[in-house]
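Here are my notes on this one, in the order I'd read them with the model open. Have a look at the structure first, then go through the points.

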2 protein chains.
Amino acid sequence: MKYIEKLRNSGLRPTKQRLQICEVLFNTDKTFHFTINELEQKIKKQTNNKISLATVYNTVHAFEKKGYLKQIPINSSEAYFDTNVSDHHHFYDLKEEKLIDLENSDVGPINILKKINGKKIKSVEVLVKLED
Amino acid sequence: MKYIEKLRNSGLRPTKQRLQICEVLFNTDKTFHFTINELEQKIKKQTNNKISLATVYNTVHAFEKKGYLKQIPINSSEAYFDTNVSDHHHFYDLKEEKLIDLENSDVGPINILKKINGKKIKSVEVLVKLED
DNA sequence: GAGTAGTTTATAATGATTCTAAAAAAGTGT
DNA sequence: ACACTTTTTTAGAATCATTATAAACTACTC
Ligand SMILES: [Mn+2]
Ligand SMILES: [Mn+2]
Ligand SMILES: [Zn+2]
Ligand SMILES: [Zn+2]
C-alpha cells in the first residue's frame, strides 16, 4: 500500500487507524483544506469507524512535521490544514470561513527585498481575505 | 486628550482604564506587535495599575473592529496584534516567536489575478517564515 | 441628586489542543 | 504458538486562551 511509506517516513507504524486516516486524507485527486474536527467527521462517515481524537491529532501533526500536510496561517479558533503541500497561497472567505487555493501563477512572483541577519526564509505565504 | 476621540470612534467611553490602555498602545512613535498577555504586562509596568483581562480583551477588540489595531494571521496559540495598521507584511521568526514588519516596498506589488464571483478583496497579507 | 445606561471586575464557562495512564495491539526472539 | 517488550490507541483529564456572566461601580443626562 502506498500509505505505508508515508507513515514510515513520518516515523509512524502503519496501523489500522492511521491507514484509515490516510485513506481520507490522500485517497483523492483533489486536495482539500480541513480542521481536525472536520477530518474526524469525514473519517466517521467514510469509514464507519470512530478513531479517537488523540490519534487524529497525533497523526496529523506527524504528517505536518514531515511535510505531508501543512497548516495554513490564519486567525481562527481552529487550526486549518491543507493536503496541498505545494507552494501556494490562499483566499480566505470571511463569511463562509473557507479557504480557497490560489496557485502561484494567480499571484505572480514575490520578491522579498529585506534580509534578516542570520535567518533564512522558510516560506512565503499570501493570505487574501474576501468579503461580500 | 487625543485618545478620547479614538475611544469614542470605537463606541467606547473614555474611562480611566481605557485611557491607560491607549497610553500603552498609542503613546509612542514606534508601532509594535503584541499578544494580549504581553499587553497586560506592559500596562502593569507602565502604569502601576492592574486592569482586568476582560477589559483589555474588550478594548483591543473594539479598536480592532474600528481599524485602530489589527490582528496578524499566524499560527500561534495566542493572537498577535499590531499597532501598525497600514498595509504591510511580516516576517515571523519561528525560533523567537516574534513578528518583524515588512514594508510594502520590501515586498513589491502583489497582483491577485484570480477573481471570486461576488466577493471582493479586503486585504492581502504576506507572511514570511524565518528559520536559522 | 436621582435615574439610567455603560463599564469594570472577579470568576465561571467554553472549546481547541495536549497530556496521561491504562488497555490493546504489534513486533521480536525462541 | 508463546512469552516478552515496545508502541499505539483510547477515554478522560488537564491546560490555557478566549469569551460570557452578573454584580458592583462609574459616567452621563435631566
Ligand atoms: Mn502542529
Ligand atoms: Mn478580535
Ligand atoms: Zn491550499
Ligand atoms: Zn506589523
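1. Start with the make-up of the protein surface near DNA strand D: by class there are 5 nonpolar, 6 polar and 6 charged residues. Here Ala, Val, Leu, Ile, Met, Phe, Trp, Tyr, Cys and Pro count as nonpolar, Asp, Glu, Lys and Arg as charged, and the others, Gly among them, as polar. A residue is near the strand if one of its heavy atoms lies within 4 Å of it.

2. Before going on, keep in mind that this is a predicted model, where local features need pLDDT of at least 70, side-chain atom pairs count only at pLDDT 80 or more, and totals for chains, interfaces and linings use all residues. Residues are numbered from 1 along each chain as its sequence is written, chains are lettered from A and ligands numbered from 1 in the order in which they are written, and side-chain values use heavy atoms, with hydrogens and water left out.

3. Who gets nearest to DNA strand D? Of the 17 residues around it, those are A:Thr15, A:Gln17, B:Tyr57, B:His61 and B:Ala79.

4. Now the polar contacts (pairs of N or O atoms within 3.5 Å). The side chain of B:Tyr57 puts an N or O atom 2.6 Å from a phosphate oxygen of DNA strand D. α4(B) gives the most, with 3 residues. Helices here are DSSP runs (H or I, at least four residues), and strands are E runs of at least two, numbered from the N terminus.

5. On to the metal in chain A. The zinc ion (ligand 3) has A:His33 (NE2), A:Asp82 (OD), A:His88 (NE2), A:His90 (NE2) and A:Asp101 (OD) as its protein donors, at 1.9 to 2.2 Å. Donors are N, O and S atoms within 2.8 Å of the metal (3.2 Å for Na, K and Ca); water is not among the atoms, so sites may look incomplete. A:His33 sits in strand β1 (residues 33-34) and A:Asp82 in strand β3 (residues 80-82) of chain A, so the pair ties together parts 49 residues apart in sequence.

6. Chain B next: B:His33 (NE2), B:Asp82 (OD), B:His88 (NE2), B:His90 (NE2) and B:Asp101 (OD) coordinate the zinc ion (ligand 4) at 1.9 to 2.2 Å.

How values were computed: Polar contact = N/O pair within 3.5 Å; in protein donor to acceptor, adjacent residues only side chain to side chain.
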